[in-house]
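Here is a friendly walk through a model with several chains. Have the sequence and the 3D view open as you read.

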Amino acid sequence: MTERAAPPSTTSGWLARARALMLLPAISIVLALVIGAIVIFLSSPLINGWDPLLPLKAYQALAVGAFGSVNALVNTFVNATPLILAGLAVGIGFKGGLFNIGGQGQFLVGALAATTAAIGLNGAPGMVAIPLSLLAGMAGGLAWGFVPGFLKAFTGAHEVVTTIMLNFVAIQLVSFVIGGPLRGTGPEVTFDRTDAITNQLPVLIGRNGHIGLILAFLAVPLAWWLLYRSTTGFEIRTVGANPDAARYAGMHPRWLTTLTLSLCGLLAGLAGATQILGEVGYMPASYGTTVGFDAIAVALLGRAHPVGILFAALLFGAMHAGAGLMQAQAEVPVQLVGVLQAVILFFLAAELVVRRLLRVRTAGTGVGSELETISRSYGEQASR
Amino acid sequence: MRGITKRYPGVLANDAIDLEVREGEIHALLGENGAGKSTLMNILYGLAVPDAGEILIDGQPVEIASPHDAIQRGISMVHQHFMLVPVLSVADNILLGEEPMAGPIFVDRGASHRRIRELGDRFGWQIDPDKAVGSLSVGWQQRVEILKALYRNARLLVLDEPTAVLTPQETKEIFGVLRKLRAEGYAIIFISHKLYEVLEVADRITVIRRGKVVGSRLPGETNEEDLAELMVGREVELTVDRGESHPAEPMLTVANLSVKDDRGNEVVHDVSFDVRAGEIFGIAGVAGNGQDELVEAIVGLRHSAAGRVTLGGRDITHASPRQLHRLGVGFVPGDRHRFGMVLSFPLTDNLVLNDYYHAPYARGLRRDDEAIESYAIEAIEKFDIRTPSADVTAGTLSGGNQQKVVVAREFEGDLKLLVLDQPTRGLDVGSIEFIHRQAIAKRDTGIATLLVSAELDEVLEMSDRIGVMYGGRIVAVLDGRTADKEEVGLLMATGGRGSGHQPQTLEAAS
Amino acid sequence: MEALYGIPIIGLLIQFVVYFVTELPGFSSVIVAAAIPIALGSLCGFMNERSGVVNIGIEGMMLTAAFVAWWAASIAGQLVPDVDFGLLGITLPLLIGLGAAIVAAMLVSAVHAWLSISVRADQIISGTIINIFAAAITGYLNLLISQHSPPSAGTFDKWRVPHFMTDLPVIGWLFKAFLGVGPIGLITLVSVIVLQVLLYRSRWGLRTRAVGEHPKAAETVGIDVIRLRYRNVILGGVFAGLAGAYLTIEFGNSFQGDMTAGRGFIALAALIFGRWTPVGSFGAALLFTTSIGLQRSIQFATPDPPLGDVLANLPFQFYSALPYLITIIVLAGVVGRSVAPAADGQPYERESRAA
């Protein structure tokens, strides 16, 4: 039930609090790695026969792929970039009492909008094309967040279902636009995809450390300031914690709900834009991504706090960065990362049980209490 | 019950309580809100597990681990908040858990309906078993609760604050039912904090304070003052000294106001009244007669369907809560957890819940946490809010202190009108006194006050004038100092003077 | 009666109209075949939500079951004799696959029950965990196992509806479309009707409704809320298991990653649209899948212009997106009048702390 609105005044109090907050996520991560190891070991006969050392090989490859060189480290940050932005898109939603499962669709539509703008501006100077493409991406994501926000606020359609539905609609929209009007004609186009984008995000460091990295790192303090230092953030959090009290206090819960999900969409759309403009360089018609669901894991692990989301995104970014090497060297499929994520979430959700089993005594700052409004009012009418 | 002890984090709810109830006896359990009466009864009914102590029935120690055990032993309970499922029918509610079966799977509806009709006939109640409970009036819901208990062949009946939501006439009728049951040999535990009721109906009275039994009395050998002192632990003035009031010109004028509820039914019809500066105007009525919607329409939380509301001559019919707050309207909502505060926020945020957006608490989009903090510390001091600091979350405070937070916020500033909706519901005597004194002090500075309460006693004690609400209309306006309790009660129950009969059929009552 | 809300009737009515416009009986069969996994998913949600537990993990439960059904049947096909029961293509390996799928989905449901009921974690988060886990673990294992390319165990057969039924005037095609399904499809039809009757007529139904609406009231009359919720949630897994098995050993005969493609979520929408009743959600499922049939029928028999030109020229992605769009529109337009069980999504705490 603790609201981290004001930082505690003394440094030691702050440290103790940070430790209390991080203890359970840390335990969850360790337990997840143990269970992941068991999964790898049990599935080793399918790979190269029983091999008790396979988990170690896999984790070693994972670590080398994530931290083993400057390029690996940069790759970790690059992988974390969309997770930070999309993680904030989920986390801010949580603070506003909304469960945004639509990060996926918002990401895709943001990517599509940025691609459309960038292809249209192929040939224009980068100083013009890049900001405009990023803005287009944000606008696309915003639109995909506005729709479920508006529907939730004014018709009561629960955002959990509508955002998921919009994810599937986004897939079809991308397939239609990229397979049709935007299909490339260049020599490299052998399947449904666009031509290469000429104005890509400048690389600052390593092989692929593009400028989107900086955008993501800037978004964290901005989100924190918005949530905890601004009146709008106070309104968002009040609506999330108690929409009736918000109405009583003269706020406008309906518009705030719409605003919150639009903002979430904007962030996820920016994630999609940076990913296409900075990392991929073109857009395929069947752009596969799990960023929307990874972002939920990030936001929960980071306890919906911007700084927590930053660290959680870096962790998952590292896993994604290392997964390729893990599959190449240890032949353990990259999907293991998803298994690890789910197990981490499982232990976080089962916080009370983990606490009891391990006799952990820290303040109850659990995921559950942060998010107590989520499954309430499910399928109900919008409040007046 | 012997030596019952129950500890909750930070509270000793029951401390070695002994209680004995005989067959054919109405035993009253008297105590303040939070004294531990409900905890004790939840233990008896298997809803809570005691840390120590034992329960004996017919001299035999028994273990009651669940309501199922309690029902098996002939204990039934009528809860303060009715334990009825609104969407289910009267019959389904009554037989739930003890369903007569036709075969292994299906419920035998014919048999259950006959049984329920027979039970109703014992009290002259004509029951329609197929009616949804949610559509019944409060009084009828309570009858369903009592039938539920009798259907289970209870021998010991526990009624937790059964009169809290009833009119004086309905209360009389319930007392009649209790006496009839006593004559039939039932044992009855009657929980209340209303002294005169206890004196009227009980055979024996046990008083509980802060989890301990502090005394036992026979009604013949005690009086209200004695019981009040036992209950609160010090001498109490039973009535507030409301002093003289000096009403001036009308401040709030409500003219021909009609309001619809969430389902679109008009529940306030053509209501007109005014509240003058320097007076308290009380609205009495059984819960659910349109008071909630009326208040919500006045404070801007609900659109009115027709009519006009003015404040000091200015039209505020469609004003938003924020506009009203700026105009000097303070509002203490009836459901403080739903409207009045955000339990997961610190006191600082709760104290500026409707002023957070302007100077000195904010500059543009930026909140000024220091200004908020210093204001909060000042308010905590001024309103005697018992809290370790201004940064603890509101949910950790007691009900009385939570209400003081709301009062501190709403009684501040340049006020013209105060709307107090159930301002003391569920509070202890100390907090009630505090809030009543604050309200009267505000009245004396020339503020118009609209008081809405389901506690008729509170309305009678506080108001200069009383409007009685029935079926969405104000059916009478009486002088608060001369109004007769019986008369107001009758108006609350029937809406009209003189029509003395009690509605006896389901159709008439709902 | 709460059940007769017209939604199933609307669903049927659309079938009639479409049938007489297109005159393609196969069209209705396509719709019914596509509706069955969604209806089964709704039944799973029904069992959960009527007793007060929100389940958005239906998708993950179905995916797990689809995976387990396929591989268990495949492995059983190599280990046990291929006994054919001579009825609806039921063979021993397929039965083993079906059984394994049901057990797997019940196990996943048990985890959901434990998190939602005992741990009192947020129920939507619990469902999300199940979805993430199911997608990841089935993807992981499928990649590994498919390298060894085990053979398929085949599928159940559809029932050949007797001619005296299909030849009936006006309604004969209905029998053909609805009854011309495999064993899992037939189980679905029976379950929908049986559960509808049980909900309103049986002791279990009465108690379930009470627990979903007002668990405290149910507890005070001696009903064990926790146990009833556990039982209903775990039994709900049976239907998710059937739904998954349907996808890999009755409707199709292969497994691909994420092959449920949102059916679990559409099932949830169908449940809401069908007002938390079995018959209602089956009707809603038919409504949602009509667009799938629509696309096919336009492919094979384009209606006359100008309507035909418009329909034929719409991109196929539009038809693919249609069920999702309909779901959104339905939620926005109808849910206002559809009221969830009052205690849906709220964990129940047995010992009240209110003194």
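Of the 510 residues in chain B, 48% are buried, where buried asks for 20 or more other C-beta atoms within 10 Å of a residue's own, with C-beta atoms placed from the backbone. Please keep in mind that this is a predicted model, in which local features need pLDDT of at least 70, side-chain atom pairs count only at pLDDT 80 or more, and totals for chains, interfaces and linings use all residues. Residues are numbered from 1 along each chain as its sequence is written, while chains are lettered from A and ligands numbered from 1 in the order in which they are written.

Chain B holds 18 helices and 24 strands; helices (H or I, at least four residues) and strands (E, at least two) are DSSP runs, numbered from the N terminus. The radius of gyration of chain B is 24 Å, close to the 24 Å from the globule rule for 510 residues, so chain B is as compact as a globular protein of that length. That radius is taken over C-alpha atoms, and the rule is 2.2 Å times the number of residues to the power 0.38. The C-alpha trace of chain B spans about 70 × 50 × 50 Å along its principal axes. Among contacts in chain B between residues at least 6 apart in sequence, 69% join residues at least 24 apart; a contact needs C-beta atoms, placed from the backbone, within 7 Å.

Now to the interfaces. In the table, nonpolar means Ala, Val, Leu, Ile, Met, Phe, Trp, Tyr, Cys and Pro, charged means Asp, Glu, Lys and Arg, and polar means the others, Gly among them.

| Side | Residues by class |
|---|---|
| chain A, touching chain B | eight nonpolar, six polar, five charged |
| chain C, touching chain A | 32 nonpolar, 12 polar, two charged |

Chain A brings 19 residues into contact with 29 residues of chain B. On chain A's side, α9 (231-241) and α10 (243-248) of chain A each give two or more residues, and α9(A) gives the most, with five residues.

Between chains C and A, 46 residues of chain C contact 46 residues of chain A. The largest share of chain C's side, 17 residues, comes from α5(C).

Within chain A, what is the handedness of the crossing of α6(A) and α7(A)? The crossing is right-handed, meaning that the near helix is turned clockwise from the far one by less than a right angle.

Note on methods:
Two residues are in contact if their C-beta atoms, placed from the backbone, lie within 7 Å. A residue is buried if 20 or more other C-beta atoms lie within 10 Å of its own, exposed if 12 or fewer, and partly exposed in between; C-beta atoms are placed from the backbone.
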